[in-house]
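Please read them with the structure open.

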Amino acid sequence: MEQKRNTAVTIAGVTFKNPVMTASGTFGSGMEYGEFVDLNKLGAVVTKGVANVPWPGNPTPRVAETYGGMLNAIGLQNPGVDVFIKRDLEYLKQFDTKVIVNVCGKSVEDYVEVVERLGDEAVDMLEINVSCPNVKEGAIAFGQKADALFHITKEIKKKAKQPVIMKLSPNVTSIAEMAKAAEAAGADAISLINTITGMKIDIHRKQFALANRTGGLSGPAIKPVAVRMVYEASQAVNIPIIGMGGIANGEDAMEFMMAGATAVSVGAMNFVNPYATEETIQGIQDYMNQYNVNDINELIGCVK
Amino acid sequence: MEIKKKVTAVVFSQEKIADGIYDMWIETELSQNAHPGQFISVYPKNQSTILPRPISICEVDEKKEKLRIVYRVAGKGTNEFSEYKKGDSISVLGILGNGFPLEAAEGKTVFLMGGGIGIPPMLQLAKELAVANEKAGRDNSNIKIILGFRNELFLQEDLKKYGEVYIATEDGSTGSKGTVMNAIEDNGLKGDVIFSCGPMPMLRAIKEFAAANKMTAYLSLEERMACGVGACLGCVCKTKEVDHHSHVHNARVCTDGPVYLAEEVDI
């Protein structure tokens with residue numbers, strides 16, 4: 001007889017049926033992967049970043065494979081918040097899953113505008129992208145200095161109706177310091193890590209592999225860095241952490257949770273295996289069965 | 001609706017047909033819904049190469065049990081594929097993208113233009129156009145197949161079964177010296193519709209040629225891809241009108257393409 005085990009986790013008053021989410025930018029708004037996985041099974045869908053107006057993104061090539069990972073410099077191409085509300089949020093309403101909207105902007109005002117537009121929509125949480133390394137203005141500019149992060153978090157918290165997750169960049173000297181700044185400014189949770197800035201050179205063409213020259217590294221190659229940063233952040237703050245970086249399966253998810261993450265996101269590995277989110281959920285259940293864990297919450301931050 | 005799937009296929013045969021060019025038949029259920037101009041994404045087994053490789057569909061067998069892919073070894077992933085033998089398993093995502101609109105060629109003289117590794121999708125396309133001719137009681141004289149190679153030829157014998165084949169080689173060793181455009185000129189070819197796949201300079205030349213000669217051209221574009229299903233926005237091309245997904249001018253090659261009407265794209 002299979003025992004009923006609790007996989008639900010709660011972040012800022014929002015309860016997720018399991019801790020598995022999708023990393024922003026790797027899953028669209030779920031439409032494309034809805035052909036492969038049952039979105040009702042996911043803890044949450046975290047959408048691609050959305051701005052106040054449509055953003056065209058960067059020139060191509062935008063992606064390049066690297067050893068055990070990939071670089072991307074999409075540049076946050078998105079249709080803007082109006083289309084997003086009408087089309088993407090409308091689509092997501094039909095599923096029994098939580099919706100977390102990733103918000104991007106060039107200025108504090110841009111972010112606040114999107115946050116306010118989403119205030120009365122069917123959105124469970126907001127994830128603020130202050131860590132995309134591929135745009136010239138905004139994004140990471142707010143995520144690499146503790147005082148800038150504190151300021152934008154504070155301004156967003158003043159207007160946000162939903163709980164706010166600040167998505168942190170790994171491209172910093174001290175992730176603990178950044179996590180503390182977000183917490184001090186009132187963030188309800190933090191998510192990490194966004195991609196690590198990298199570069200690839202095509203030696204046959206003697207050119208940068210990406211038109212943007214640099215891009216964000218993701219995939220299994222970055223997992224140990226991500227686990228370390230989740231651990232360091234969890235030691236520094238009391239707000240919940242959503243961990244991500246190369247998660248491919250339940251075992252990877254357990255690593256992040258033991259390091260201190262309350263929930264996890266599957267990102268680049270969706271491209272490798274379109275069923276990765278569902279398989280990660282199954283993998284967590286398998287782990288709980290194997291070790292007779294009744295409640296997933298017992299394992300959060302259990303390695304100190 | 002055709003559902004996209006990631007499946008395990010089995011290698012039925014593989015042979016090298018030119019320098020660096022491999023010809024593989026795989027047994028897979030995906031063949032049931034495969035149309036000319038669509039593609040599959042093939043996953044290397046080596047975990048250091050995480051992303052799938054988009055490869056065009058060259059041919060579908062009559063029973064729709066097997067797919068043929070003809071690909072160039074361009075790096076670690078395709079090099080791994082080239083080592084597969086009959087009976088090996090192969091992980092495939094498909095069927096992806098939109099194919100060539102065959103109906104646009106109905107009753108018209110059509111150029112099938114392939115350059116280098118853009119030639120393979122022309123085979124299934126020629127085959128299906130020939131089937132349409134047969135049904136309508138026509139011969140295949142309206143199918144002009146124009147192929148551009150560096151020097152070594154491949155697939156030209158397969159293609160001859162379905163239309164008139166014209167060849168250009170860079171070194172002039174076979175057919176016209178130069179590109180597919182030289183082959184058109186040398187043979188005085190005239191037509192109504194162009195279906196094409198090949199390197200960007202060739203597609204640009206075709207777009208210009210089609211506009212000048214009042215022909216309708218469809219171009220199959222290539223771009224670096226990650227997900228292959230329209231989620232990551234990695235593979236985009238500039239479009240004349242705002243795209244329906246992001247409402248900018250960047251359509252997704254993997255899901256909105258890879259085949260576009262020439263005047264719709266800014267290449």
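**Notes on the predicted model**

1. Start with chain B. Strand 8 (residues 110-115) and strand 12 (residues 193-197) of chain B run parallel and pair over five bridges. Within this pairing, G114(B) sits opposite C197(B) of strand 12 of chain B. Keep in mind that this is a predicted model.

2. Both strands belong to an open sheet of seven strands in chain B, with the order 11-10-9-8-12-13-16. The pairing in this sheet is mixed. Strand 11 (176-177) and strand 16 (259-261) of chain B stand at the edges. Each has a single partner strand, so one side of each lacks a neighbour in the sheet.

3. What lies across this part of chain B? Helix 4 (residues 180-187) of chain B lies across strand 8, strand 9 (143-149), strand 10 (164-169) and strand 11 of chain B. The helix runs at about 125° to strand 10 of chain B.

4. G87(B) deserves a look. This glycine is in the loop between helix 1 (76-82) and strand 7 (89-96) of chain B. Buried or exposed? G87(B) counts as exposed, because 8 C-beta neighbours lie inside 10 Å, and the cut-off for exposed is 12 or fewer. Setting aside neighbours within four places in sequence, G87(B) is in contact with V10(B) and V11(B). From G87(B) to T109(B) is 22 residues in sequence and 41 Å in space, C-alpha to C-alpha.

5. Now the contact between the chains. Chain B gives 25 residues and chain A gives 34 residues. On the side of chain B that touches chain A, 11 residues are nonpolar, 10 are polar and four are charged.

6. Chain A as a whole comes next. Its secondary structure amounts to eight helices and 16 strands. The radius of gyration is 18 Å; this agrees with a compact globule, because 304 residues would give a value near 19 Å. Along the principal axes, the C-alpha atoms of chain A fill a box of roughly 60 × 50 × 40 Å. Of the 304 residues in chain A, 60% are buried. Take the contacts in chain A between residues at least 6 apart in sequence: 71% of them join residues at least 24 apart.

7. Strand 9 (residues 164-167) of chain A has two parallel partners to check. Strand 8 (residues 125-129) of chain A joins strand 9 of chain A through four bridges, with L126(A) opposite V164(A). Three bridges link strand 9 of chain A to strand 10 (residues 189-192) of chain A, also in parallel. There, M166(A) has I190(A) as its bridge partner. The crossover from strand 9 through helix 4 (residues 175-184) to strand 10 of chain A is a right-handed β-α-β crossover. Strand 8, helix 3 (residues 146-159) and strand 9 of chain A also form a right-handed β-α-β unit.

8. Which way do the residues of strand 9 of chain A point? V164(A) and M166(A) point one way, I165(A) and K167(A) the other, and all are buried. Note that K167(A) is among these buried residues.

9. Last, helix 6 (residues 250-259) of chain A. This helix is mostly covered, with eight of its 10 residues buried. Among them are D252(A), E255(A), F256(A) and M257(A). The buried residues of helix 6 of chain A pack against strand 3 (20-22), helix 5 (223-236), strand 15 (241-244), strand 16 (263-266) and helix 8 (276-290) of chain A. G260(A) follows helix 6 of chain A and has a positive phi, near 130°.

Methods: Residues numbered from 1 in each chain as written. Chains lettered and ligands numbered in written order. Predicted model: local features only at pLDDT ≥ 70, side-chain atom pairs only at ≥ 80, totals over all residues. Contact = placed C-beta atoms within 7 Å. Nonpolar A, V, L, I, M, F, W, Y, C, P; charged D, E, K, R; others polar. Buried ≥ 20, exposed ≤ 12 C-beta atoms within 10 Å, placed from the backbone. Rg over C-alpha atoms; globule rule 2.2 N^0.38 Å. Pairing = 2+ DSSP bridges. Axes fitted to C-alpha atoms, helices over the stretch in contact; angles between N-to-C directions. Right-handed = clockwise from strand over helix to strand, strands pointing away.
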